[in-house]
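My entries follow in the order I made them.

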Amino acid sequence: MPRPGSEAQRGRSRWLPRLDRPALVALILGVLGVGYRLYLVLNTVPVSNSDEATFGLAALHIAQGREHPVFLYGQRYMGMLQSYLAAPLLAVTGPSWPALRLPVLALYALFLWLIHRLTRRIGSPWFATTVVGLLALGSERVIRDQVTTVGGRPEVKVAVLAMLLIVMGLARGTVRHRWWAVGGFGLLAGLALWSDWLIVPYLAVAGLALLWVLRRELFGWAGLLLVLGFGVGIAPMIRDNLVAPPGQDSLSVLGRISGTQGPAPSWGQRLDGGLLEGVPQATGLCPLTGCARWQEWFGLLYPVLLVVGVVLAGFAYRRMTGPGERVVAVVRLALLVGAALTLLAYVRSSLAATEPLGNARYLSVLQLSLPAVLWPLWVAAVACWRGTVGAAGRLVGAAATAALAALTATALVVTVLFATAGAEPGRVQERQSRQLAELVRAAGLREVYGEYWTCNRLVFNTGEQVVCGVLDSDLRPGQNRYPAYWWRLARAARPGYVFEAGGPADLRLRELLGDRADTDLLAEVGGFRVYHPPTPLRPWR
């Protein structure tokens, strides 16, 4: 007879599978990583900005039923999935930075879980734990990409991991409903492409991996469901591009922003900015202010690891038999090639050389490839410590162990520095932006002009009680993402002006005001000056 309670224990085990030691340690590290980020989210760290505020305003409009945007206001290539995810929360809380960021934090937690599952399948249990531990750490650059609502990257990383797990399940025959899984693969690919075009290299290699698994099945119902799923996922983008004005479709917009302006940088400058600065920044080895020379070593090692990883995956493919085993090598190859293509596309852009710090965020998707990139180091280190190699192998293994230790130690130090001293300037700036919003609202101003990085954050902080029109440094129309605010300002009889104290726009306004500059100055708070002249100044008219 079964022991009393045995049925209940078996029932619980279906929902709470027993974790082995590596999985338990990975769970603890993952919870610490999510908890660290939750603490930062609740304190609005990293500091908010007007780009994020635009997503927040879109979420408010969605929650109120006023708008159903496909792309970010004024930018027809960045999908708005994060705004739709945040809309239900903002419908309850109103304008709130933590509520806006919580769905992105949930995507990060899902990313950790999926990458742990994938790494165990293509690597080993303790290696998967190591990868989770590294991804639980986070410099300001890494945290900013993982918890701020700036579109695209968090959800597309989740989509790619889920797609590769589908590929592995199909190859090993562990997926019950194969056709529906293929349809889900297509749906995820379509949603990812709508959300962020940066993921195209990974979508391409994931598609090739699926083609390798389903060479014949894709010519039947599976292929049809793949196309249908992709069409449903990308439908918002297709519809918007069909009705877009000439030259405002996604391809045209992307072509303009990626075009080279000014003299083209040399390849040496591109490699320096892309590899030595961009890769360490994306990996969390440097503060946001830039990498010291000693922190750039991983950028030099990265392409070497890509090549070695491809060679190892090729040997593994030849050694293994059957799709169920070979899919491990195929997925590793997909991750390595995806990283190589992403890095190549970034280095080809002049932005890698001219603005490496501001544009390193475009390499955040390289986190997807961390299991495949670090696998050669792990294999060499394990072989060394097990004593299964000769003297040369032990030397290589010792170097690999040192590299993994240096990677972990550097990421940990940078994380601790940001979590302590590095986050304080952002907290100060956040307090100042809220003080500014309270002052403007309390002064009775409802329409103001300001600079780009002031405007939409001010609008979000006041819950649209104050609207803002963007002016450039010469007090001419700037980048107004939401035209309705600009047209409302155009009708305002007595708008206010909010500029950074001593900045170019502030100096230009004081020049135009002349002797009335101090008289029309309403207040100065948090490094900003608020003016309220009796008659509007609109020099562009």
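I took buried as under 20% relative accessible area, exposed as over 50%, and partly exposed as in between, with a 1.4 Å probe and protein chains only. This is a predicted model, in which local features need pLDDT of at least 70 and side-chain atom pairs count only at pLDDT 80 or more, while totals for chains, interfaces and linings use all residues. Residues are numbered from 1 along each chain as its sequence is written, and side-chain values use heavy atoms, with hydrogens and water left out.

**Entry: Gly184**

I looked up Gly184 and found it in helix H9 (residues 178–195). Helices (H or I, at least four residues) and strands (E, at least two) are DSSP runs, numbered from the N terminus. With a relative accessible area of 25%, Gly184 is partly exposed. I also checked Gly184 against Trp385: they are 201 residues apart along the chain, and their C-alpha atoms are separated by 42 Å.

**Entry: Val25**

Val25 lies in helix H2. Its relative accessible area is 28%, so I noted Val25 as partly exposed. Gly133 is 108 residues from Val25 in sequence, but the two are 9.0 Å apart in space, C-alpha to C-alpha. I then listed contacts, meaning heavy atoms within 4.5 Å. Apart from neighbours within four places in sequence, Val25 is in contact with Trp126 and Thr129.

**Entry: the loop between H2 and H3**

Thr44 sits in the loop between H2 and H3. I read its phi as near 50°, a positive value in a residue other than glycine. Thr44 counts as buried, at 2% relative accessibility. Pro46 is in the loop between helix H2 (21–42) and H3. Which form does the peptide bond from Val45 to Pro46 take? That bond is cis, with omega near 0°.

**Entry: helix H3**

I checked the length of H3 (residues 50–63) first.

Asn49 caps the N-terminal end of H3, with a side-chain oxygen 3.0 Å from the backbone nitrogen of Asp51. After H3 comes Gly65, whose phi is positive, near 75°.

How many of the 14 residues of H3 are buried? Twelve are, so H3 is largely enclosed by the rest of the structure. Among the buried residues I wrote down Phe55, Leu57, Leu60, His61 and Ile62. The cover over the buried residues of H3 includes helix H4 (81–93), helix H5 (97–122), helix H21 (452–461) and helix H22 (483–491).

I went to H4 next, where Ala87 is found. Ala87 is buried, with a relative accessible area of 6%. Setting aside neighbours within four places in sequence, Ala87 is in contact with Ala59, Ile62 and Ala63. The C-alpha atoms of Ala87 and Leu57 are separated by 9.5 Å, and the two are 30 residues apart along the chain.

Gln75 lies in the loop between H3 and H4. At 13% relative accessibility, I counted Gln75 as buried. For the next item, a polar contact is a pair of N or O atoms within 3.5 Å; within protein, one must be able to donate a hydrogen and the other to accept it, and residues adjacent in sequence count only if both atoms are side-chain atoms. The side chains of Gln75 and Arg481 are joined by a polar contact of 3.1 Å.

Leu475 lies in the loop between strand S2 (467–470) and H22. Its phi is near 65°, a positive value in a residue other than glycine. Leu475 is buried, with a relative accessible area of 1%.

I found Ser433 in helix H20 (residues 424–442). Ser433 is buried too, at a relative accessible area of 5%. Not counting residues up to four places away in sequence, Ser433 touches Arg457 and Asn461.
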